[in-house]
Amino acid sequence: MKVHVETTINSEPVELLAEPRQSLLEVLRDELGLTGAKEGCNNGNCGACNVILDGRLVNSCCVLAVEVSGKQVVTIEGVAEGETLHPLQQKFLEEAALQCGICTPGFIVAAKALLDREPEADEARVRYWLAGNLCRCTGYDKIVRAVLGAGAEMRNRASNTSNRGRTNGY
Amino acid sequence: MVIEERKTYRVIGTRPIRHDGIDKVTGRAQYGADIRLSGMLHARTLRSPHAHALIKSIDASKALALPGVKAVVTGADFPEVADSIEDMGEAEGSLRDLSANVMARDKALYRGHAVAAVAATSVHVALEALALIEVDYEVLPAVLDVRDAMRSDAPLLHERKTASIAGESEKPSNVAKHDQFAWGDLEDGFGQAEVVVEREFTTEMVHQGYIEPHASTATWNSDGQITIWTSTQGAFTIRSQASGILAQPISRVKVIPTEIGGGFGGKTLVYMEPVAAILARKSGRPVKMQMDRTEVFEGTGPTSGSYIRIKAGATKDGKLTAVQSYLAYEAGAYPGSPVTAGAMTHVAPYDIPNCLIDAYDVVVNKPKVAAYRAPGAPAAAFAMEQVIDELAEKVGSDPLQFRLLNSSKEGTRGPGGRPFKAIGHEQCLRAAFESEHYKSPLEGPTRGRGVASGFWFNAGMRSSVTVSINPDGTVNLIEGSTDIGGTRTSLAMQLAETLGITAEDVKPTVVDTDSVGYNDVTGGSRVTFASGMAVYEAGMDMRRQLIARAAELMGAEAEELEYRDGAVVHKTDESKRYSFKQLCERIFERGATVVATGSVVGRGVGGAFATHVVDVEVDPETGKVDILRYTATQDVGTAIHPAYVEGQIQGGVVQGIGWALNEEYYYNEPGQMLNASFLDYRMPTSLDVPMIDAVIVEVPNPGHPYGVRGVGEVPIVPPLAAIANAVYRATGVRQQKLPMSPRRILETTFGLE
């Protein structure tokens, strides 16, 4: 009764057999060993299981595994490029934006989904966007600062890249 | 912002990247639910749907017949254990009660009380099997509120008598304990009073709300060895509790602590660990158990709801003359509320000449409470700090100046009667008074500014570490304190300071109960303090050993050498010198090595004070309270890693904001919690709070080599009262019940029927 699913996870093609009742979170963690996404509530209220599905932020506990057939999934394991941390990961470390760390993968994935589109997001926008992610340790202060810092870093890199491009063009 | 002068350090006070950071930002860190063993089964728990019921029979035959089911346990599988006193991490309690809380025997005492568990080849099969277990209950009347439970005609949870100062009571009751604290002459004190305030307050049960649900995995080998992987604040505490409940020698139990996704005191008791072990024994396979979020709310330990009455008097010029307090706390289903801590802490910030406090620990048909960040203190401060605020107003004093006039200081009677040593309440009050925040104007018709103070004892207890050198000049630090908020790094920094090396050259590892000396829980704000002392002791031991080795290398006497700035130096000939790194290399070249240990009972604990300032705005249409600005001052002794100190303060404040404004166990009459999800149990989100300004005050603790006090708990003490005081200034209405939800604000202030 299992369903054959062909999908792409962190840019790698993946084939799997999933029961129709299995959530994407369950399959990521229990079948594929990608335990970076966490189960905090299993009903879409804490964001600890956040992944990006075809560019859109989702709670993987509320997506069925069979639904990701033919789609692109990005999990926390796919955020860094090899050993190079994403600016968000680096800023979370520098700003001490984690204590226990259980919510951290979800926050980083959620913030990536925001900054990929809006690296200029301000504090109000960041707080609004992250309201689907619960953190019980930090009081959010340092998380918000880390996301704002990562946004600035990403804007910097983008402008450096385009400046370089222009220089090369001449 | 860091206030106060202090000693200069090389590593302490800097902000290195935490050692476990990369694992935690990349998803590699292994938490409780991430454990996966070969051949592992998955187990789930069946829980009582009734708040109070006799369990007449349990028939699991249909569940056992379901393909994929490998084992079922009920209370009948648990050994009878003695009614001995057991270490509960941050408190003590009866082992028999703890065992019955883990798995109900003849009676279910709260909705969510475990009555059976199933291990199966998959989670889904286990869940299907739970539905096939037939339990015959005889439902009994339930009692949910502390004052109802104290009535003589209340339904009894246990046939137990009240322990009190006057001895045991005549007849059984739900009052487990009555404590009393008295000093001075109350009548005389109130006789001197020119203003008196008397008010009563109630608070509801609230949960720690850690984001990681409990998860435990166990194996039980045929040679009797039991291994438990679990997300806990105290591996050694869990070992002791599990061995007691399983009636197995402690040496047969090894507990491997996983990374922990928050605890705040709630992960100090066993829940599934002994159940998973029995399922493992019965099935002959490793068993992993997890809770879902509803089980965490209904089946683990929140903190007490309370009823508190305070009468306090002062002279016209603002000197406190007398305080009388009555506190009754809900313990949940078994005795052990933190009422005594509430009783002792709420008066600690002040010099009160005459005082009488009665404290009652009361069982009700709700989950057995567990520790929650400064257990017992926030509810008592919610009451006391509002009474103080009202007295200040009545005598026409600024609320911070009123507190300053009455503040405890070195020499004031401390909790338990002994005088305080160096403490920082006055410094916190001054820092709050002088803050930009307090000096700034606040305008607007429904805006108000509130202040409140808080005290927490902090804990010492036992810590042990092992330290060894590597040939490349780095150091391994083996410790047994679960790292919930960066303590690998705060300990590594103290070792680095002691040895004169960098924090990055220390490699901290948290190990299992077989691999390091005894460590008490990560709780009581004690790890950076007490494990820090063990680290210091190990570092000093290592320095002595390194001096001895260097003496051999130099052909000198050890007495001629000293350890200074990360090197062993000849006292009279400074050209004779080995840096730490050179010495490590040479020691290994000579086929030797150095290992040092530190093991302490953390004496010299320094109590922590905090003073908070908050601005709120109350929406008259919706009743919603918005936090506009928040400043928290706190005496931390010495901030080892200021960023993580700020983080503790900010996190404690926001938990306090949740407790003040939204969080509560909301029950219907039969005793069902109606909001047992993160949707309905409304914890603060990033959108609900502003940046939290943490003002670090440093009054070094004379009882610690680096002046450390505990940091983690006291920041949750003042927020409830600070916000209530702010709401009062905004609306003119005193808030005597928590939470100050929109509905309650509308009812108390804006005339909603």
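Visitor: What makes the span of helix H15 of chain B close to the expected one?

Guide: Helix H15 (residues 487-499) of chain B has 13 residues and reaches 18 Å from its first C-alpha to its last. The expected span is 1.5 Å times one less than the number of residues, and for H15(B) that gives 18 Å, to which the computed reach is close. Helices here are DSSP runs of H or I with at least four residues, strands are E runs of at least two, and both are numbered from the N terminus. This is a predicted model, in which local features need pLDDT of at least 70 and side-chain atom pairs count only at pLDDT 80 or more, while totals for chains, interfaces and linings use all residues. Residues are numbered from 1 along each chain as its sequence is written, and chains are lettered from A and ligands numbered from 1 in the order in which they are written.

Visitor: Why is H15(B) called largely enclosed by the rest of the structure?

Guide: A residue is buried if 20 or more other C-beta atoms, placed from the backbone, lie within 10 Å of its own, exposed if 12 or fewer, and partly exposed in between. In H15(B), 13 of the 13 residues are buried, so the helix is largely enclosed. Just after H15(B), B:Gly500 takes a positive phi of about 70 degrees.

Visitor: How do you know whether B:Glu436, A:Asn42 and B:Met461 are buried or exposed?

Guide: B:Glu436, which is found in helix H14 (residues 436-439) of chain B, has 10 other C-beta atoms within 10 Å and is therefore exposed. A:Asn42 has 21 C-beta neighbours inside 10 Å and so counts as buried, and B:Met461, with 24 other C-beta atoms within 10 Å, is buried too.

Visitor: What makes the backbone at A:Asn42 and B:Met461 worth a remark?

Guide: Most residues other than glycine have a negative phi. A:Asn42, in the loop between helix H1 (24-31) and strand E3 (50-53) of chain A, has a positive phi of about 60 degrees although it is not a glycine. B:Met461, in the loop between strand E21 (447-456) and strand E22 (462-469) of chain B, is likewise not a glycine and has a positive phi of about 65 degrees.

Visitor: Why is H18(B) called oblique to H19(B)?

Guide: Axes are lines fitted to C-alpha atoms, for helices over the stretch in contact, and angles run from 0 to 180 degrees between N-to-C directions. Helix H18 (residues 642-661) and helix H19 (residues 719-731) of chain B pack at an angle of about 55 degrees, with their axes 8 Å apart. Angles under 35 degrees count as roughly parallel, over 145 as roughly antiparallel, 65 to 115 as roughly perpendicular and the rest as oblique, so H18(B) is oblique to H19(B).

Visitor: What makes H12(B) roughly antiparallel to H13(B)?

Guide: The axes of helix H12 (residues 399-406) and helix H13 (residues 425-433) of chain B come within 10 Å and cross at roughly 160 degrees, and that angle makes H12(B) roughly antiparallel to H13(B). The contact, which requires C-beta atoms placed from the backbone to lie within 7 Å, is made by B:Leu400, B:Arg403 and B:Leu404 of H12(B) and B:Glu426, B:Leu429, B:Ala432 and B:Phe433 of H13(B).

Visitor: How do you know that the peptide bond from B:Leu738 to B:Pro739 is cis or trans?

Guide: Its omega is near -5 degrees, and the bond is cis; B:Pro739 lies in the loop between H19 and helix H20 (742-749) of chain B.

Terms used
Contact = placed C-beta atoms within 7 Å.
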